[in-house]
Amino acid sequence: MGRTCAGVVLGFLGDAVLADPRRAHPVAAFGRAAGRAERLLWRDHRAAGAAHTALCAGSVVLAAAALGRALHRLPARHGNPAAVALSAAVTWSVLGGTSLAREARAIAAALEAGDVEAARARLPHLCGRDPQALDAEGIARAVVESVAENTSDAVVGALVWGALAGVPGLAGFRAVNTLDAMVGHRSPRHRRFGWAAARLDDVAGWPGARLTAALAAALGPEPAGALAAWRADAHRHPSPNAGPVEAAFAGALGVRLGGTLAYGGRVEHRPVLGGASGREVTVADVERAVRLSRRVGLAALAVTVAGRALGRAAVRAGRGAGAAHAGRRDGRNHGGR
């Protein structure tokens, strides 16, 4: 197993055992820096937002690449533990699967106890939905939708980019996803300024969302329902990435997601996902969604680590074949003289 793969596995285990870092979280520090940059660069047009996105996300990717390159140049004795530690630390800091599960279960516990006000108070920790507009069933549905979407955003997407681009991919994906959460929404201030962050997040999230949906269909209790909902409903969702994920989760769990939603005073009427055969979400479905999310995350770890290992092996084999071919050609040239 390569250094990046070993670090990703260790970081995944760190998230499973410890959840998010409680102090000095790197993502929170990035958010504060991005907020200061926004105050300096904000203008009500797309070019300013594109500059903000390029500065913030580009700085993270370049810094991660420079640090990773420096550590990988260290002697490889004992497997270069510094490079492994960097991959593990970055993976731990960008994953959020355990915190996602804890928050979802805490809200479900409040609902099961009949304390809807406590559930409403806790919901903003998980998503941007307006909790005051929701009853117990609406809160449960919001939690299931958030678990589905954040399985892709907080777990699978990061693992995919870690497999594709190592530590810079992990850090860059989280930076882009954080920028989208900060400025990518359609508020009057960010409708133009946040356009670049939102579109870049759509691109970065595309592969992780499809892998999440595929794994949810494969590992959920109703695979056929997940595939049917994905095929029938995903394209109707306003988000190109949340659509496949939420539709697959809806079909896999046999529930209906979507419908009328409220975000900070703005009401959205979204299409119903899984409506062909799904039922209304209940509190018990939160735990089912969390368990499916955890299975999907573990499977994504296996798929991405295996994919990176196989890719690196193929590259090495190609280089070896090229070197052997060059050696034979050089030998023929010498023999010809």
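Predicted model: local features only at pLDDT ≥ 70, side-chain atom pairs only at ≥ 80, totals over all residues.

What should the 27 residues of helix H3 span at 1.5 Å a residue, and how far apart are its end C-alpha atoms? Select residues 46–72 to find out.

Residues are numbered from 1 along each chain as its sequence is written, and side-chain values use heavy atoms, with hydrogens and water left out.

**The whole chain**

Colour the protein chain by secondary structure. It comes to 11 helices and 2 strands; these are DSSP runs numbered from the N terminus, with helices being H or I of at least four residues and strands E of at least two. Along the sequence the pattern reads α-α-α-α-α-α-α-α-α-α-β-β-α. The radius of gyration is 22 Å, close to the 20 Å that the globule rule gives for 337 residues, so the chain is as compact as a globular protein of that length. This radius is taken over C-alpha atoms, and the rule is 2.2 Å times the number of residues to the power 0.38. Along the principal axes, the C-alpha atoms fill a box of roughly 85 × 50 × 35 Å. Buried residues make up 48% of the 337 residues; buried means under 20% relative accessible area, exposed over 50%, and partly exposed in between (1.4 Å probe, protein chains only).

**Around helix H3**

Return to H3 and select its buried residues, among them Ala48, Gly49, His52 and Cys56. Then display helix H2 (26–41), helix H4 (81–94), helix H7 (136–183) and helix H8 (195–219), which are included in what covers those residues.

Select Cys5 next. Its relative accessibility is 3%, so Cys5 counts as buried. Cys56 is also buried, because its relative accessible area is 8%. The structure holds 0 disulfides, a disulfide being a pair of cysteine sulfur atoms within 2.5 Å.

**Salt bridges**

The structure holds 13 salt bridges, each a side-chain nitrogen of Lys or Arg within 4 Å of a carboxyl oxygen of Asp or Glu. Select Glu103 and Arg122, whose side chains meet in one of them at 3.0 Å, N to O. Glu103 lies in helix H5 (residues 97–112) and Arg122 in helix H6 (residues 116–122), so the pair ties together parts that are 19 residues apart in sequence. Glu103 is buried at 18%, whereas Arg122 is partly exposed at 34%.

Which residue forms a salt bridge with Arg105? Select Glu287: its closest N and O atoms with Arg105 are 2.9 Å apart. This pair links distant parts of the chain, with Glu287 in helix H11 (residues 284–336) and Arg105 in helix H5, 182 residues apart. Glu287 is partly exposed at 25% relative accessibility, and Arg105 is partly exposed at 37%.

Finally, select Asp285 and Arg279, which form a salt bridge with closest N and O atoms 2.7 Å apart. Asp285 is buried at 1%, while Arg279 is partly exposed at 35%.

Notes
Expected span 1.5 Å × (residues − 1). Contact = heavy atoms within 4.5 Å.
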